[in-house]
Amino acid sequence: MSIDRSTILLADDDPTIADSLAPFLERAGFHVLVVSDGVTALEKAQAHHPELIILDVLMPRMDGRETLRRLRKLNIWTPTILLTKVGEASERALALEEGADDYLNKPFDPHELLARIRAVLRRARPGERSLSSAWLLTASELVLDRRARRATLSGETIELTPKALAVLEYLMTHPDEAISRERLLDAVWGWEYPAGTRTVDTRMAELRRALDDDPSEPRFIETIPSEGYRFIASVYGEG
Amino acid sequence: MRRLSRKWLRYAKLTLPMWVGLLLAGLAWFLIPFAPPTLTTIDIGIFGLVIGLSIRNTALVAFLLGFFITGGILLVRYWDKRRVDEAHTLYADYVEDAQQKRRHFLRRLDHEIKNPLTGLRAALVNLQEAQAVDERRQAGQNADKAVERLTRLLTDLRKLADLDERPIERYAVNVPDLLDDVVDAARATPAHQGRSISLLIPKIPSPFPMLTGDRDLLVLAVYNLVENALKFTSVNDSVEVRALEDGRAIVIEVADSGAGIASDDMSKIFEELYRGSNARSTEGSGLGLALVNRIAILHGGGCGARSSQAEPRGTVFSLRLPRR
């Protein structure tokens with residue numbers, strides 16, 4: 001289990017969070033480096049080459065977003081999970097845009113963080129850019145231009161509502177991963193609620209119609225009974 | 001050339017009092033602080049007159065002009081001041097109202113956080129001090145429950161804040177479909193065990209008209225109403241979800257035959273974190289109806305409620321939304 005001895009850089013200025021999360025992650029088998037601001041995070045990331053970085057968004061000296069931007073500018077493609085702050089709707093879109101591999105809304109269940117860490121590490125190819133930081137995603141004849149917020153199928157633009165597009169974006173940046181409805185709600189809508197899982201299903205139906213994807217013989221999106229969805233086509237990122 | 005200038009000179013001399021009066025009135029308008037004592041303005045008018053008279057003896061013209069200019073200025077100023085005063089009063093009322101709401105909100109928030117936090121602290125003490133495994137497990141479960149309550153409160157606060165910040169989607173929404181989804185979702189919850197929800201949608205003469213809006217938010221709103229209806233009624237009560245339309249608006253109603261809401265509470269139930277007298281012991285963030293109201297307003301509609309605690313008792317919540 002080489003994965004479980006990975007080094008994680010945890011940057012959060014709130015000691016109540018860092019002090020509890022670090023031992024939890026250590027117990028899960030990771031080696032954890034804790035820093036409390038963005039500038040130190042940047043230095044440690046360059047000095048220690050961690051396998052994964054967890055960044056809080058609001059931090060003194062340099063916030064999480066800026067830290068991530070600088071890391072990417074330095075050509076450091078270490079997978080990164082952003083811990084976003086409650087109530088900032090635009091934060092989610094920004095996190096996607098700035099190449100965070102995943103993000104979690106506070107407050108979160110530490111087990112959920114662990115699951116995300118493992119998924120991100122499984123997906124990561126050391127030294128390579130991840131799909132999350134690519135502007136153009138291609139899966140056979142489906143192309144998603146994240147900057148222009150446009151998806152094309154065999155060269156033709158497909159009509160999608162902004163939510164359906166955000167769902168497609170999340171699925172395509174997390175291919176081959178079982179994603180629960182709750183996680184999609186949290187990632188795309190920002191909050192979950194009891195009737196929300198049906199909301200996800202409605203968007204998924206819209207998406208499948210637009211992609212001409214047959215749920216019984218899916219090319220793109222597979223339903224995993226009682227679990228959620230999985231994007232099954234291979235995805236390539238560019239730019 | 002000389003005749004022309006003499007003519008101009010005569011005009012200038014004749015109208016001099018008027019110009020001086022105007023000049024002084026203008027100075028009074030700009031230089032004197034906003035609401036000068038009335039006498040000051042009149043003084044300046046008369047002063048203008050005196051100067052005008054001393055330069056050229058056209059007493060009547062000067063007097064009339066000076067009088068009307070001063071009078072006019074006083075009138076305009078008076079009218080202006082009244083308007084500004086009215087605006088001030090309105091603004092003061094608004095600020096007072098907002099402050100009052102904020103005070104209420106903070107007091108209620110304090111209350112909503114205090115209870116689960118107290119529970120959490122007690123659970124943590126038990127967790128540290130208890131010896132028996134069972135006790136420790138129970139303490140852990142209690143801590144979880146308290147955290148869940150706080151999380152729920154926070155999530156609902158975030159929803160409210162989000163609604164104010166992000167634009168809503170505007171697409172065609174099929175109402176019967178939406179209500180089907182909501183009722184299905186409600187039937188799947190534990191609160192629905194042994195309960196029945198009936199769904200009434202008119203089908204004649206034409207299909208139910210479409211609505212323009214954010215389907216996800218509308219689902220959230222109607223679901224909140226249905227969840228409320230289930231929460232505040234007992235197994236023997238019935239819950240009905242129905243859609244109506246009158247050519248201009250679509251009305252979605254959620255009715256129940258429960259105990260009803262006290263008339264004192266009716267005016268406040270849509271306020272953030274307000275809990276009615278019969279809702280104090282019930283689980284919930286106290287933000288559900290505020291959310292529903294906000295969503296209705298964002299869609300250009302509104303929210304209403306009618307309730308009776310006397311037989312035939314029950315409550316009807318209605319969501320009025322403009323047609324597509």
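**Figure 1. Packing of helices α5 and α6 of chain B in the predicted model.** The axes of α5(B) (residues 175-187) and α6(B) (residues 215-231) come within 9 Å and cross at roughly 45 degrees; axes are lines fitted to C-alpha atoms, for helices over the stretch in contact, and angles run from 0 to 180 degrees between N-to-C directions. Helices (H or I, at least four residues) and strands (E, at least two) are DSSP runs, numbered from the N terminus. The two helices are therefore oblique to each other (angles under 35 degrees count as roughly parallel, over 145 as roughly antiparallel, 65 to 115 as roughly perpendicular and the rest as oblique). The crossing of α5(B) past α6(B) is right-handed, that is, the near helix is turned clockwise from the far one by less than a right angle. Contact (heavy atoms within 4.5 Å) involves residues of α5(B) including L178(B), V182(B) and A185(B), and residues of α6(B) including L218(B), V222(B) and V226(B). By class, this contact has 11 nonpolar, no polar and 3 charged residues (Ala, Val, Leu, Ile, Met, Phe, Trp, Tyr, Cys and Pro count as nonpolar, Asp, Glu, Lys and Arg as charged, and the others, Gly among them, as polar).

**Figure 2. Packing of helices α6 and α8 of chain B.** The axes of α6(B) and α8(B) (residues 288-298) lie 9 Å apart, at an angle of about 145 degrees. Here α6(B) passes α8(B) in a left-handed crossing, with the near helix turned anticlockwise from the far one. Among the residues in contact are L217(B), A221(B) and N228(B) of α6(B), together with G288(B), V292(B) and I295(B) of α8(B). The classes comprise 9 nonpolar, 3 polar and no charged residues.

**Figure 3. The open sheet of chain A and its packed helix.** The sheet has 5 strands in the order β9-β8-β7-β6-β12, with antiparallel pairing (at least two DSSP bridges between two strands). Strands β9 (156-157) and β12 (236-238) stand at the edges with a single partner strand each, so one side of each has no neighbour in the sheet. Between β7(A) (residues 142-145) and β8(A) (residues 150-153) there are 4 bridges, and L142(A) has L153(A) as its bridge partner in β8(A). Helix α6(A) (residues 162-173) packs on the sheet, touching β6 (136-139), β7 and β8 of chain A, and its direction makes about 110 degrees with that of β7(A).

**Notes.** Residues are numbered from 1 along each chain as its sequence is written, and chains are lettered from A in the order in which they are written. In this predicted model, local features need pLDDT of at least 70 and side-chain atom pairs count only at pLDDT 80 or more, while totals for chains, interfaces and linings use all residues; side-chain values use heavy atoms, with hydrogens and water left out.
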